[in-house]
Each structure stands twice: as structure tokens, then as C-alpha cells.
Amino acid sequence: MEAVKDAPVGGQAVLEGVMMRGVSTWAVAVRKPAPGQEPGEVPTGEIDVVSEPLVSWVKKHRVYRLPVIRGVVALAESLTIGFKALGISANAQMPEGEEEIGKGTWTGTVVFAVLFAVGLFFLLPATLAKLVGNSDNGLAFVVVEKIIRISIFIGYLWLIARMKDLQRVFQYHGAEHKTISCYEAGLPLTPENAQQFSRLHPRCGTSFLLIVMIVAIFVFAPLGRPDWPILFASRVIGIPIVAGLAFELIKIFGKNRTKRWARILMWPGMQLQKLTTREPDLTQLAVAIAALEAVLAVENPKAASDEDKIGMEVVA
């Protein structure tokens, strides 16, 4: 079962929980360990919910609402909220009496994660493609680079999908998708209702990343096979352009999700989501629902204006 209409609601799986965001609020719900539970055990305690107001960055300046630019701004905002939610969920799992993860430690982790992603998915493929051959054919170079990039991306997803420690995060990812689809379909938010829906969603970040890989082919192709300094600089500087264009595409796909052409183009990304989502149980769906209900308690996303909805397309 799947919803057929988008709603300006999105989210992210975190440690033993889910973050949900609307147009003016975001909330994270986390299942805490029960008293006496040992570290590493599946938490069975209460659901802790933290809710914060949100003023979207795209509302602060008119230029932020322009096509492509709005995608870059929205993604940066989503990453900021996502990392905050991860910090909240991580601290919620800390045993009583232990010191919470400090802001400095968490900032260092975030910086490392961003640099690792840029190096793995943009600089490494460019380096390998440059070393593979000496052909001056720029198009051939870009195609080889993108084949390497997509291969690394799929290989990375396949590897992390096999990591036991991430299986529950993937279940919460599925719970997030199901809960959003249940809300989009207009059904009451209960674990049983949400369980009926697909764990895959057209606006998922996994699908978005695949689109990024494909869009990069067209963005970097005009540069041909540049020298090393220009090669590295272009791959880093070009990331916002690629991300902004990919944002516009997935926005179009989400709005046309029921049309055959959109389903065909979305199919590869939807299949990749099978690596990053797992079927959740009812207790995990209850956590996702608690996060969304915290958002719905202070706003009605479906009544949002078109301006309010800008930036909400790639957050599921």
C-alpha cells in the first residue's frame, strides 16, 4: 500500500528513534532504555520526545527561494537538523550518570563525516578515473568517472546494509517512511495503519543521492578531462550545483509519483531503498508516530502555503 499525494512532512531515522519535520516545527522521538537495562540491549523504556520550532532558511532571503539555490539551502538546513537530532538520540541512549556527548566531540564527528563523504564519492572517483587511462576524450573520462562513482555508492550501501549494528536504524528508516505515507493517505496515525504502507518512499534521501550521481555526469561533462588542480576543485565546487539540480528533479518526481514516466525514472532509486530500509515492528512505528504527532500538535502541514512548502521535497 502506498500514498499517492505528497505532504510537506519529512524526517530521518536516528539512533532508536525518528526525527520528523513540518514547515514550522521539527521533533525527534527516541525509545529510551528501561531502568536496569544493560548497554547494547534493545531499549524497552518510554518514548522521549523533543520538539523545537523551525523557521526555514528559505524564508529569510528571496534569493534562497530561486530554483537550484533553494535545493542547496534546503539540503544544508536538513543536514543541520538531522545532525542535531542524531545528537539528541545518541545522548538519550547514554546510561544514567554518564556524561553526555559534548558539542565539540559531536561537531568533530560531523565535520569528519562530511569530509569523508566528499572524498569517497567525489574525489576518489575522479582520481581513479584520471589514473585509469590517458585518453583526451572528455566525455569518455566523465562517463568512466561516473561509473566508478555509482559503483562505489552502491557498494557502500551494500556494505553498510550488512552491518548488524545498523539494522535497527534501517528499521526506523522504514518506520519513518511508513508513517509519512500513512499521514499522506489521510489515515489515522496508528502503528497498525502505518504498517500497511510500503517502507519505500519517492522522496527518500537514498533515491536523491542516486539522482545526484547521475546529474553529476551532465554537470561535469563540459569540463572534459582537466588537470589535477582543476579536477579536484571542480568536483568540490560543483557539489552544490549538482545537489541543487537533483533537488529540482526529485521534487518533480514526488509531485508526479502516480504517473508512469515518473515511476519508471524513480524505479532505480526505489530499489536502492531496499538496502537502507527494513520492515519495522509496531513499537518502532509507535516511535515514528510520536515524532510526527509532536509536529502535528503545533501545525497543520497540509494547510501550508506554497511558499511554506519550499524545501520540503527531499526530507523523507
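Let's start with what covers the buried residues of helix α2. The cover includes α1 (69-92), α3 (138-161), α6 (205-220), α7 (228-237) and α8 (239-255). Keep in mind that this is a predicted model.

Which residues of α2 are buried? They are Val110, Leu120, Phe121, Phe122, Pro125, Ala126, Ala129 and Lys130. Notice that a lysine, Lys130, is among them.

Now the helix itself. α2 takes in residues 103-132, which is 30 residues. How far apart should its ends be? At 1.5 Å a residue, α2 should span 44 Å. The end C-alpha atoms are 42 Å apart, so the two values agree. α2 also has a kink.

Strands of a sheet pair through backbone hydrogen bonds, either parallel or antiparallel. Which kind do we have here? The pairing is antiparallel. The sheet is open, with four strands in the order β1-β2-β3-β4. At the edges sit β1 (10-14) and β4 (47-53), and each pairs on one side only. From one strand to the next, the twist averages 15 degrees.

Look at one pair. Strand β3, residues 25-31, is joined to β4 by seven bridges. Alanine 27 stands opposite serine 51 in β4.

Last, the helices on the sheet. α1 packs there, touching β1, β2 (17-21), β3 and β4. The direction of α1 makes about 30 degrees with that of β3. Helix α4, residues 167-184, packs on the sheet too. α4 touches β1, β2 and β3, and its direction makes about 160 degrees with that of β1.

Conventions: Residues numbered from 1 in each chain as written. Predicted model: local features only at pLDDT ≥ 70, side-chain atom pairs only at ≥ 80, totals over all residues. Heavy atoms only, no water. Helix = DSSP H or I, 4+ residues; strand = E, 2+ residues; numbered from the N terminus. Expected span 1.5 Å × (residues − 1). Bend = angle between axes of the 7 residues up to and from the residue. Buried < 20%, exposed > 50% of the residue type's maximum accessible area, 1.4 Å probe, protein only. Contact = heavy atoms within 4.5 Å. Pairing = 2+ DSSP bridges. Axes fitted to C-alpha atoms, helices over the stretch in contact; angles between N-to-C directions.
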